[in-house]
Structure formats: structure tokens, C-alpha cells
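Biologist: I'd like a close look at a single part of this protein, please. Here is what I have on my screen.

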Amino acid sequence: MKNINKLILVLLVGFIGLQFFRPEKIDHGTKTQDLANVPNAVNTILRNSCFDCHSSEVNLRWYDKITPANFLVNSHIKEGRAALDFSKWNSWPKPQQNSTIYYAINKVLSGEMPIPSYAAVHSSAKLNEDQINILKNYALSIAPRKISDDAQLQSAEKQYNSWINGELKNPHIKPAPNRLQYIPDYRNWKAISTTDRFDNGTMRIIFGNDVAVKAIQKRKTNPWPDGSIFAKTAWNQHVQKDGSVSTGEFIQVEFMVKDAEKYKQTKGWGWGRWKGNNLKPYGETADFDKDCIECHQPVANQDYVFTSPLYLISQLKKIQTK
Ligand code: HEC
Ligand code: HEC
């Protein structure tokens, strides 16, 4: 009996002693403004469920301050802020605001955010079906879908067929202003993801070359190995009367070419964009790619690549539900 009391005392002293080990202090308490141009209901949801880790506003509960929980919570907040900081909302141009909120809502729809283990303990962060619908409808309302007329559909069909048949292949395509070469072969690569940007009415297909696909198979994607290339194509989308959606005019193709050494100045990637049917290189000066990098910055912690191969998501879930 005595021994048990001793043991409890030792554990208690140990636990109290542990409290002197504190993670590095993070600044918090600065209230983050509501996101301008975003409806109140959406602001409220994001504030309750996301701002804890994605803004300068942190609302630590008493149990978050106890060692060792505080280490975990602090690292979530630090990483979360680095990935996405809503306190900076007002400094972002409108297209970046739109694409960020679209991306963030997608993370909610896929169940990745808020981090499930966190929501399990912090019930105020958990989202119910109604709240999820509010977010989804908001994203849809940014660009309501218009029904396309027959002429538009036919012209798009014609253009798509010639794209598929390679008639648009042009041997005289100029390199991007940063000297990145156009890569016509991307059409033979594997499609690794498609996204439907309902916020701006475009559809995209993302292709990966062999090196990228092998890296996905071997689960070695952070960082992506040298030689990995992504091509992202975008079309306008047409909505048929029955509500089905098809590709419209070809807008552009963009490339990211990985070479950590060669592209050291631009985060290890060569960036390029070719627009329209005649594949005109985009950008006036060689540093046009700083805009690309700026917008890809939220995913710096996954080597600047947005597209998550599916296994990453399932792996993440496993880690989080442990
Ligand atoms: C407990 C802290 C926490 C909460 C709460 C949280 N997040 Fe996150 N979030 C993180 C962390 C950590 C990362 C970076 C690591 C990662 O990508 O998993 C992140 C990353 C993200 C990213 C960038 C993803 C990427 O691929 O880099 C988005 C977008 C995001 N969160 C949206 C949200 C939204 C929307 C909410 C609220 C519904 C939310 N998060 C709530 C911690 C949190
Ligand atoms: C307004 C923000 C924004 C800008 C600017 C931007 N991108 Fe992206 N990019 C995205 C998003 C978001 C994705 C994820 C796929 C999607 O939603 O379509 C993406 C995906 C990609 C992909 C597929 C690989 C990946 O990361 O998923 C490539 C390739 C790409 N972008 C190239 C470029 C190039 C080249 C430029 C500059 C000429 C550029 N991007 C500028 C937001 C941006």
C-alpha cells in the first residue's frame, strides 16, 4: 500500500516537473478580422473550426496548455499557420482569395480538415452537415453555372476533337520567358487528377510523367524526385441542359519540371504556361514565375505541389485517427 502511494507521488511529482518543459511560445491572442467579402455564416464557421490553427487568433483551452498536449497543439498551430494564414486575407489579390477558399473548402469536403484528431477533442471545431453545406454553397455561388448554347457546345466539341487528334501540335512553339521548353508529349502521360473549379467555371486535368507516376507508386513524393514533371491543362466548362458538364474551349497548359539544382532559384521547379490554341508562352519577363510560386506557397510543405496523390490522403487519415 505504502509503495503504491509512493508510486503515485513519484508520478505526480514527475507530471508537475514535466510542466516546466514548455514548447516555444507562439504569439496568439491577436484577433483576426472577418474575411472581407465573405458572408457572415461562412466567416463564423471558419473562425470556429479553422482559425485556431490558421490565423494569428488562437484560442487555447486549459487542456491544450498541459505538457505534453501543448507540444502537439503548438506544432499543429505552427504548421497550420505556415500552410495557410487567414490573417493575411486582406493582402491577397481577389483571385488568390477565391482559389484559397475553394481549396480550403475542398479540404473540408474530403474530410482532411479540420484535423480529425483535433476536432475529436475540440468539439466546437467539428463541422456538421449544415455547416458543410453552407461552405459548399458559398463556393458554388462565387461563379454560378450558366447553361451553354448549342453553337458553343459544337465549337467546343470540334476544338476538343482536334486537340485529341493532335492537330494543334505546332513545331514552332516558343519557350517560356524563363527558357523552359514546351513539352508536347504530355498528352501521353497518365492523368493523375482532375479538378472542377466550380468557382471560375473551368475544368482541369493534371498529368504526371513516368518519373512522377513511379514516385507516387513508391510513395516518395515529398520532395518529388528530379525529373518529375506535371502538366495541368484547363478548359472552360460547358453545362448542358440536363446539368451534365463537358469541356469547352482550351485555355492553357502549365508545366512544373522538377530539378532541385537547376531550378534552385525557383523552389526546385521550372515553371511555364502556354495559352490558347496557338500555345503562346505566358509572361513578359523571365521572372513571371514568381506569381506561380506565390500562389503555390500554401503547399510549400509538400514541395509546392497541390495535387495530393490519393494514398497520401488515406495515409493522413490513418495517422490522424491513431
Ligand atoms: C489543429 C489544427 C488545425 C485545424 C483546427 C485546421 N487545420 Fe488546416 N492544417 C493544419 C496543419 C498542421 C496543416 C499543414 C499540414 C497538412 O497539410 O496536413 C494544415 C493545412 C491546411 C491546408 C493546406 C493543405 C495543404 O495541402 O497544405 C488547408 C487548405 C487547410 N488546412 C484548411 C483548413 C480548414 C478549412 C480548416 C477548418 C475547417 C482547418 N484547416 C482546420 C492544422 C489545422
Ligand atoms: C491563383 C493561384 C495560382 C497561380 C497564380 C498558379 N497556380 Fe498552379 N495551381 C494552383 C492550384 C490551386 C492548383 C491545384 C489544382 C487545381 O485546383 O486546379 C495548381 C496546380 C498546378 C499544377 C499541377 C501540380 C500541382 O501543384 O497540383 C501545375 C503544373 C501548375 N499549377 C503550374 C503553375 C504555373 C506554371 C503557374 C504560373 C505560370 C501557376 N501554376 C500559377 C494555383 C495557382
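Predicted model: local features only at pLDDT ≥ 70, side-chain atom pairs only at ≥ 80, totals over all residues.

Which residues does glutamine 96 touch, not counting residues up to four places away in sequence? Take me through that spot, and then on to the aromatic rings.

Modeller: Leaving out residues up to four places away in sequence, glutamine 96 touches Glu294 and Cys295. Glutamine 96 itself belongs to helix α5, which covers residues 94-109. Its relative accessibility is 11%, and since buried means under 20%, glutamine 96 counts as buried.

Now look at histidine 296, which is part of helix α10, residues 289-296. The NE2 atom of His296 is 2.2 Å from the iron atom of ligand 2, and His296 is the only protein donor that this iron has.

On to the rings. There are 14 aromatic pairs by the rule used here. One of them joins tyrosine 182 and tryptophan 274: their centres are 5.4 Å apart and the planes make an angle of 70 degrees, an edge-to-face pair. This pair ties together distant parts of the chain, 92 residues apart. Tyrosine 182 is in the loop between α8 (150-164) and β1 (190-197), while tryptophan 274 is in strand β5, residues 269-275. Are these two buried or exposed? Tyrosine 182 has 12% relative accessibility, so it counts as buried. Tryptophan 274 is buried as well, because its relative accessible area is 0%.

Strand β5 has a part in another pair too, this time through tryptophan 269, whose partner phenylalanine 230 is in strand β3 (residues 229-239). Again distant parts of the chain are linked, here 39 residues apart. With ring centres 5.9 Å apart and planes at 45 degrees, phenylalanine 230 and tryptophan 269 form a tilted pair. Phenylalanine 230 is buried, at a relative accessible area of 5%, and tryptophan 269 counts as buried with 0% relative accessibility.

Back to tyrosine 182 and tryptophan 274 for a moment, as ring pairs link them into a cluster with Tyr186, Trp189, Phe207 and Phe255.

Definitions and conventions:
Residues numbered from 1 in each chain as written. Chains lettered and ligands numbered in written order. Heavy atoms only, no water. Donors = N, O, S within 2.8 Å, 3.2 Å for Na, K, Ca; no water. Helix = DSSP H or I, 4+ residues; strand = E, 2+ residues; numbered from the N terminus. Buried < 20%, exposed > 50% of the residue type's maximum accessible area, 1.4 Å probe, protein only. Contact = heavy atoms within 4.5 Å. Phe/Tyr/Trp six-rings, centres within 6.5 Å; stacked < 30°, edge-to-face > 60°.
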